[in-house]
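Here's a quick briefing to read with the model open beside you.

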Amino acid sequence: MSSQPNGAWLTQDAYDRLAQELAELEGPRRTEIAERIAAARDEGDLKENGGYHAAREEQGMNEARITDLQHLLKNAVVGEAPKDDGVVEAGMVVTISMAGKERTFLLGNREIAEGTDLEVYSSDSPLGSAIYGSSVGQTIDYTAPNGKSLPIEILTAKPYKA
C-alpha cells in the first residue's frame, strides 16, 4: 500500500472556496458578531439576555469553523486530480463491492464534493485506509469497525472531476 499524504487532498477550486470562506469568517463575520455581543451587553442583565447568549454561541461556532479551516488549509495537499491509473488514492471516485453490494464514493475530503450527492470517505477512515493504495481488480480483506471481516473488491477508481 502507498503511504497517504499528511493533509487532505483538495482541488484548487475547493481550496480557493475555503480560503474565501475563512477570510469572510475572520473579517466581516467576526466583527459583526462582536458588535452584536457588545450591543447586547449594553442592554444590561446578561442572565436574562437571550440575544447576548445567542451571539456568544454563534461566536463560539464561528471561531471553531475558523480553527478547522485554518488547519485544513495549512495542511492541504492542493493539486490536480490524481493520475487515472486505477490506484485508489485521495481524489478518486471509487466503486467497490462489499457484502454483495456496490458502493461508489469519493475518497478524500467532504469539502471537495460540496454541493453534490456523492458520498465521501476520508483516507483516514477505516474503509478509506483499508483500500488506500490498492488497485482496480484487487480484493482487500477489510475489518469493519464492528470487528466483522469482509472482502472488498475494487471495481473502479477514477479521478474526481468537479
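Which residue in E5 does Leu106 stand opposite? That would be Val120. Keep in mind that this is a predicted model. Overall, the chain has three helices and seven strands, and along the sequence they read β-α-α-β-β-β-β-α-β-β.

**Overall shape**
- The radius of gyration comes to 21 Å, well over the 15 Å that the globule rule gives for 162 residues, so the chain is more spread out than a compact globule.
- Along the principal axes, the C-alpha trace covers about 65 × 35 × 25 Å.
- Buried residues account for 36% of the 162 in the chain.
- Take the contacts between residues at least 6 apart in sequence: 59% of them link residues at least 24 apart.

- Five strands make an open sheet with mixed pairing, in the order E5-E4-E3-E7-E6.
- E5 (120–121) and E6 (139–143) are the edge strands; each has a single partner, so one side of each has no neighbour in the sheet.
- E4 (residues 101–107) runs parallel to E5, and two bridges join them.

**Asn109, in the loop**
- Asn109 sits in the loop between E4 and E5.
- Buried or exposed? Asn109 is buried, because its relative accessible area is 14%, under the 20% cut-off.
- Leaving out residues up to four places away in sequence, Asn109 touches Ala8, Trp9, Leu10, Leu72 and Val120.

**Nonpolar cores**
- The largest nonpolar core has 35 residues, and the ones touching the most other members are Leu10, Val94, Ile96, Leu127, Ile131, Tyr142 and Ile152.
- At least two residues of this core come from each of E1 (9–10), H1 (12–41), H2 (50–75), E3 (92–98), E4, H3 (126–131) and E7 (149–159).
- E3 is the top contributor to this core, giving five residues.
- Ile152 has contacts, beyond four places in sequence, that include Ile96, Leu127, Ile131 and Tyr142.
- There's also a second, separate core of five residues, with Ile37, Ala40, Tyr52 and Ala55 among them.

**Helix H2**
- H2 has 26 residues and reaches 38 Å from first C-alpha to last, close to the 38 Å expected at 1.5 Å a residue.
- Its buried residues are Tyr52, Ala55, Glu58, Asn62, Ile66, Leu69, Leu72 and Leu73.
- E1 and H1 are among the elements that cover the buried residues of H2.

Notes. Residues numbered from 1 in each chain as written. Predicted model: local features only at pLDDT ≥ 70, side-chain atom pairs only at ≥ 80, totals over all residues. Heavy atoms only, no water. Pairing = 2+ DSSP bridges. Helix = DSSP H or I, 4+ residues; strand = E, 2+ residues; numbered from the N terminus. Buried < 20%, exposed > 50% of the residue type's maximum accessible area, 1.4 Å probe, protein only. Contact = heavy atoms within 4.5 Å. Core = buried A, V, L, I, M, F, W, Y, C linked by side-chain atoms within 4.5 Å. Expected span 1.5 Å × (residues − 1). Rg over C-alpha atoms; globule rule 2.2 N^0.38 Å.
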